[in-house]
Amino acid sequence: MSQDFRLDNIGMVNRNKKISFTFNGKKYFGYEGDTIASALIANGVHLVGRSFKYHRPRGFFGVGVDEPYAILQLERNNERDPNIRATEQEIFEGLEVKSVNCWPSVNFDIGAINNFLKMFFPAGFYYKTFMWPPSFWYKIYEPFIRMAAGFGEASIKHDKERYEHKYEYCDLLITGSGPSGLASAYAAAKNGARVILAEDKPRYGGSLLTSDVNIGNQTGVEWSEKIITELKSMSNVIVKNRSQVFGYYDHNMLVMSERIGDHLPKTQKYLPKQRLWYIRAKEVLISSGSIERPLVFGNNDTPGVMLSSAAKEYMKVYGVLVGKKPLIFTNNDSGYETAIEFKKNGVNPLILDTRKEPSSDIISEAKNLGIEIKFSHVVVAAKGYKKVKSADIAKISDNKKDLLNIENIECDCICVSGFWTPSIHLASQSGNKSEFNEKIDAFIPKKSKQKENTIGSANGKFTLEETINEAFNKGYEVSNNITENNNKVSIPTVVEKKSTEHDKFWCVPLPKGKSYKRFLDFQNDVAVTDIELALREGFRSIEHVKRYTTLGMATDQGKTSNLNGLQLVSDIENKVVPQVGHTTFRPPYTPVSIGAIVGREVGKHSKPTRKSPMHDWHEKNNAVFVDAGVWLRPRYYKQGNETLFEASKREAKNVRKNVGVCDVTTLGKIDVKGPDAAEFLNRVYTNAWLKLPVGKARYGVMLREDGIVMDDGTTTRISENHYHMTTTTAQAANVLSHLEYYLQLVWPELNVNVVSTTEQWAGAAIAGPNSRALLMKLFPNTDVSNEALPFMGYKEADLFGIPAKIYRISFSGELAYEVNVESDYGNFMWEKIIEVGKEFQIQPYGTEALSTLRIEMGHVAGSELDGRTIPHDASLEGLVSKKKDFIGKRSLGRSAFIKPDREKIVGVVPLDKTTSIPEGSYIVKDPKAKLPNPKLGHVSASCWSVEYDNPFSLAIIKDGKNMIGQKLFAMSPLKNKTIPVEIVSSHYVDPEGKRVRA
Amino acid sequence: MLYIFCPHCGSRSQNEFAYGGDATVKRPELNKEISDQEWDNFVYLRKSPRGKHLELWHHISGCRQWIKVERDTSTHEIFKTYKADELTE
């Protein structure tokens, strides 16, 4: 099989390895090392997509990251990957890609009608068209815009590929392995610096791969190969290809995405598909090169129009001809290099040079090779719809305003060169204010903002000699500052062709009576007329023009379009480009996959999963787990075909009747130690702590400084200067930070230390009327009688040889104890409790039964202490000391907190005693009142009371104290329910608290 | 991501720290009679300066010490860091 556009004796692809792939369902082949773009061009395929707005045919414009529109959808291992640049994606066996933005096919696209309706799609048409009527938004406009937006379709399946993050530190990060990157890396590495050299492309060398130069008596390619080989062998150097440094963040943190498996049919074993590198570099050398600028003329988006540097790279790197009858349209010498390359490969190009009488080494060489050149000539418009077939060309007057002698000539591609734009994105992201350089008509970085320097053509240096000298010196200088070594390598001599000045002319005027679209931004379909319109409509700031017209937006970030856009605005406004300024360059420089950004933090790995030491037992005993913060807790233990409702009712009932055991390991535990511990607790909690005796526990509430309840829990005095504090599961980390804040910053004079001991202790709550009988069997040598171990008492005891701590505290409202042992003995403790508890009908209970028990007792938890309540609201005002000061006390006097009808917790029972009240329901007086119905408060927690066998809820409502006994309504607009209810005391069961003291 | 010099641990990435707000706020002494206005200022009012700002950071995934960081809020430049009990300039 031969390929019509493949050259035999040139290129770097591996001719020994053919690779087949499909594009839009049709099979093609290429060689190992081809990109989708080079392989398709070799097969003569130029139509790859449709444009964003007008659905005009799209081909290839660039050869790498510069590509604005050859964006495809890729299929790999049954996964879809959108937004793939054909010029970057390497082919592999079995690769499947297809076009986007077209329906039903790229050849026949219905959306192309937009091209004929283009008068209705001017700049800002979104804002003009989709305004009225407002009711159209939801059903018509939004779906329409969504359908039209984007480049491809993301997969909604779980991505099975692995992505990784890596943190790295280095002395010097060099972004780009062109001549400046290689030279500076070599100089710095030889001077002992730890260097990372990142190259976006698979091949190292940058412009050396395609330019006809000589460094130290070697060709550019040979020299770059030698340098790379030596760098790779050095232990202080990391060299990475297929790696794009896409963002420059604060404090010299740069982020790089490494595409490890994207070019392979399948990700290799033990390797991720992509790796995101967070690199903290002491110094950065930005050697990201420059991108060729387009020239602007009629229909300059037709497939077959492309950058002349791209055409040259397709020949020299891939051995591919972009056309056999090329037209080179240039305003500088770069176009000549492409023409010479065509000529060397047996193709006769025609050069149109906008300059009148330029002369240089390169131009002479082209002339000597017999290449036809027309000076003072321009392309007026490309002709052909899906591919360039011919071009209207003309002589241009000396003042560049008038077109003379328009004629049509045949051609199959137009290679344009409008000079070069340094890629200053990274420097700009670092905060470097760029400056406009008149000599090259482009912005270059100014003074370093962070620890960055820009070198080579990214810094506006367009001769190799300058570049190499600058890079060697900079590499040495920067490394010398870091390592203080003085190993200077000698700078090789450079031989290159001399070029002459470029022409500032960039936009071909329209011939009389013609209205060709002349595109500036190829990705976003922004034409000259759009910018003109925006300015006519009064947009002045370049940032506004950008947003109104979409110039330089989206994945392309204006790589090829920015400067021409600025040039146009300044021309119309009679300004110069630096007065107009440029828009902000934002990371990422190129699109980064969501997978790489997320890394391994997906699914269960998105947060740590904490398990109690008894987890395995729960699992074996049919526990159904629930996420409680980062913990996994048993929600209920399923027996047979039980539902959640049935199981939790059974478990809760058994606690009320016999005895249950609940895993409370997840409770936050903090050791508070020191001679001033009592005084500290006294300031932290709202109630008094100075007189708590050793061996006793106390329930406490702590506030934030604004008076809102932060957390509650019991704290036990273990010994004179040692307290064991418990917090809720959710607030454990915050409470520790809170305590540390006050100890370190506010009251450093207090001699107290706090440390988290949550993971040191496994806890089991034993609750129910049989709990004491069970305890007596568990701790036969310890007196656990009501006298020896009263409510809120504490004892250390021996559990079958294991030291244990018994706290007589109760969340369920029953006679209850919490037993703690060191975590490693947690499972032992649990199994002993279950084993010994059998004769007392013990059953384990989960969080659902736990909730039921506490709700019907009126004990508050997170759903009441929700960051909006003060102690009064939760009926905890009895715990607020009037005598002493504490954190947040001063706020409790705020007028909103002391108003007579302040919200308070109440109980809610449905009148029919059967309808459960959805959590979050509003409590209202009149369900038929006009909306918005004035609400009295909301239902915070609901359960099925096992004591009374009917639904019961807690609610926090206005003037709650005086509402008890009233008949009101619970309304849930979400569930569309209105339930007549009676307000009762929040202490539904055992209001006197007799059971816990029994 | 910022690179913060912890006076106890050395330079560490921002993701080891939690932000703690204005470090110049001083809590009124306990049991001291103060006006509503003073209390209100302490609890709620914070300046949001553009430029130098002395702020608290908590090295939660490190030494668990609260530190003071002098940072430029518009450029993120960090001028100096202090231990909690160190006097700031």
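**Entry 1: the three-stranded sheet of chain A**

I looked up an open sheet in chain A and found 3 strands in the order E21-E22-E23, paired antiparallel. I took strands as DSSP runs of E with at least two residues and helices as runs of H or I with at least four, both numbered from the N terminus. Two strands pair if DSSP finds at least two bridges between them. Strand E21 (377-383) and strand E23 (403-410) of chain A are at the edges; each has a single partner strand, so one side of each has no neighbour in the sheet. Direction ignored, neighbouring strands of this sheet are turned by 25 degrees against each other on average. I then checked E21(A) against strand E22 (residues 390-396) of chain A: 6 bridges, antiparallel. A:Val379 sits opposite A:Ile393 in E22(A).

The model is predicted: local features need pLDDT of at least 70 and side-chain atom pairs count only at pLDDT 80 or more, while totals for chains, interfaces and linings use all residues. Residues are numbered from 1 along each chain as its sequence is written, and chains are lettered from A and ligands numbered from 1 in the order in which they are written.

**Entry 2: H5 and H6 of chain A**

Next I looked up a helix pair. Helix H5 (residues 179-190) and helix H6 (residues 220-232) of chain A pack at about 35 degrees, with axes 10 Å apart. Axes are lines fitted to C-alpha atoms, for helices over the stretch in contact, and angles run from 0 to 180 degrees between N-to-C directions. H5(A) and H6(A) cross in the left-handed sense. Left-handed means that the near helix is turned anticlockwise from the far one by less than a right angle; clockwise is right-handed.

I listed the contact: A:Leu182, A:Ala185, A:Tyr186 and A:Ala189 of H5(A), with A:Ser224, A:Ile227, A:Ile228 and A:Leu231 of H6(A). Contact requires C-beta atoms, placed from the backbone, within 7 Å. The contact of H5(A) with H6(A) has 7 nonpolar residues, 1 polar and no charged. Ala, Val, Leu, Ile, Met, Phe, Trp, Tyr, Cys and Pro count as nonpolar, Asp, Glu, Lys and Arg as charged, and the others, Gly among them, as polar.

**Entry 3: H21 and H22 of chain A**

I moved on to helix H21 (residues 771-778) and helix H22 (residues 826-837) of chain A, which pack at about 115 degrees with axes 10 Å apart. That makes H21(A) roughly perpendicular to H22(A). The classes are roughly parallel under 35 degrees, roughly antiparallel over 145, roughly perpendicular from 65 to 115, and oblique for the rest. H21(A) crosses H22(A) in the right-handed sense. A:Leu774, A:Lys777 and A:Leu778 in H21(A) meet A:Lys832, A:Ile833, A:Val836 and A:Gly837 in H22(A). I sorted the residues of this contact into 4 nonpolar, 1 polar and 2 charged.

**Entry 4: chain B**

I turned to chain B and counted 1 helix and 6 strands. From the N terminus, the elements of chain B run β-β-β-α-β-β-β. I boxed the C-alpha atoms of chain B along the principal axes and got roughly 40 × 30 × 25 Å.

An open sheet of 4 strands in chain B has the order E3-E4-E5-E6, with antiparallel pairing. Its twist averages 30 degrees from one strand to the next. Strand E4 (residues 52-58) and strand E5 (residues 66-72) of chain B run antiparallel, joined by 7 bridges. B:Leu56 is opposite B:Lys68 in E5(B).

Last, I checked the interface. In chain B, 16 residues are in contact with 18 residues of chain A. The chain B side divides into 9 nonpolar, 4 polar and 3 charged.

Notes: Two residues are in contact if their C-beta atoms, placed from the backbone, lie within 7 Å.
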